[in-house]
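Please look over this protein model with me.

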Amino acid sequence: PLCASALVAIFAANRVALPFFDSTLAAEDLGGIPALGFSAEALWPVMKVMEPIQLETDALPQVLTLRHLLKLVTERDGEVFPIIRPLDWTATKHQALLVGCMTRRQALRLLKACDPHGETPRREIDLMNVEFQAPSDETIPPYVDGNPLRISPEHTVKDAYLLMKMSEQGVIYVTNRGVLIGSITLGTLLCREL
């Protein structure tokens, strides 16, 4: 009961007064993320704490077959996947634009919606199709987030933390002029010794 009431109080305080609540926790030296906003490490550039993204293994291409999507989502770690488009369709795969993201659950729902009986695994789809971002049936939640949170390499860890906290999302992508470089997750901020 005490833990539940403490969690409710933390949730309510975050909703009501973010800066006051964070400064109170930091003053109590309770550690964790709230202390980031008030330490020297909070001024580090996000590049220092981000996880680099390997495009071939960590991201989903914008255009792919249903079979390829199933393979990528079932074989890869992580719960959120960036969706990328090469800078030039004929160029190297070392740089790509971040165009969206989707969770593992969204990907599996999309597979079921596009091919409920597994009869067309070679069907090619464009993940950034408007119908996947805003289905015409308003009762169906989107399959793809066409506007993931992003931050530039010049921003600080504090900026990333505040953006993540205010948006209530667990991942922010680091991009340089739209080109995907890496990601910062809530877990990254919690696990690093900042």
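The questions below go from the whole chain to single residues.

This is a predicted model, in which local features need pLDDT of at least 70, side-chain atom pairs count only at pLDDT 80 or more, and totals for chains, interfaces and linings use all residues. Residues are numbered from 1 along each chain as its sequence is written, and side-chain values use heavy atoms, with hydrogens and water left out.

Q: How many helices and strands are there in the protein?
A: Helices (H or I, at least four residues) and strands (E, at least two) are DSSP runs, numbered from the N terminus. By that assignment the protein has nine helices and nine strands.

Q: What percentage of the 194 residues is buried?
A: Buried means under 20% relative accessible area, exposed over 50%, and partly exposed in between (1.4 Å probe, protein chains only). Of the 194 residues in the protein, the buried ones make up 36%.

Q: How many disulfides are counted?
A: A disulfide is a pair of cysteine sulfur atoms within 2.5 Å. Cys-101 is buried at 7% relative accessible area, and Cys-114 is buried at 13%. By the distance rule, the number of disulfides is zero.

Q: Which residue forms a salt bridge with Arg-104?
A: A salt bridge is a side-chain nitrogen of Lys or Arg within 4 Å of a carboxyl oxygen of Asp or Glu, and the structure holds one. The pair links distant parts of the chain, 25 residues apart, with Arg-104 in helix α6 (residues 104-114) and its partner in the loop between α5 and β4. The closest N and O atoms are 3.3 Å apart, and the partner is Glu-79.

Q: Which side chain of opposite charge is nearest to Arg-76?
A: Arg-76 lies in the loop between α5 (66-75) and β4 (80-86). Lys and Arg count as positive and Asp and Glu as negative, while His and the chain ends are not counted. Arg-76 is buried yet has no salt bridge, and the nearest side chain of opposite charge, 6.3 Å away, is Asp-58.

Q: Which residue's backbone oxygen does the side chain of Arg-76 reach?
A: Contact means heavy atoms within 4.5 Å. Not counting residues up to four places away in sequence, Arg-76 touches several residues, including Glu-56, Phe-81 and Arg-104. The backbone oxygen that its side chain reaches, at 2.9 Å, is that of Thr-57.

Key: A polar contact is a pair of N or O atoms within 3.5 Å; within protein, one must be able to donate a hydrogen and the other to accept it, and residues adjacent in sequence count only if both atoms are side-chain atoms.
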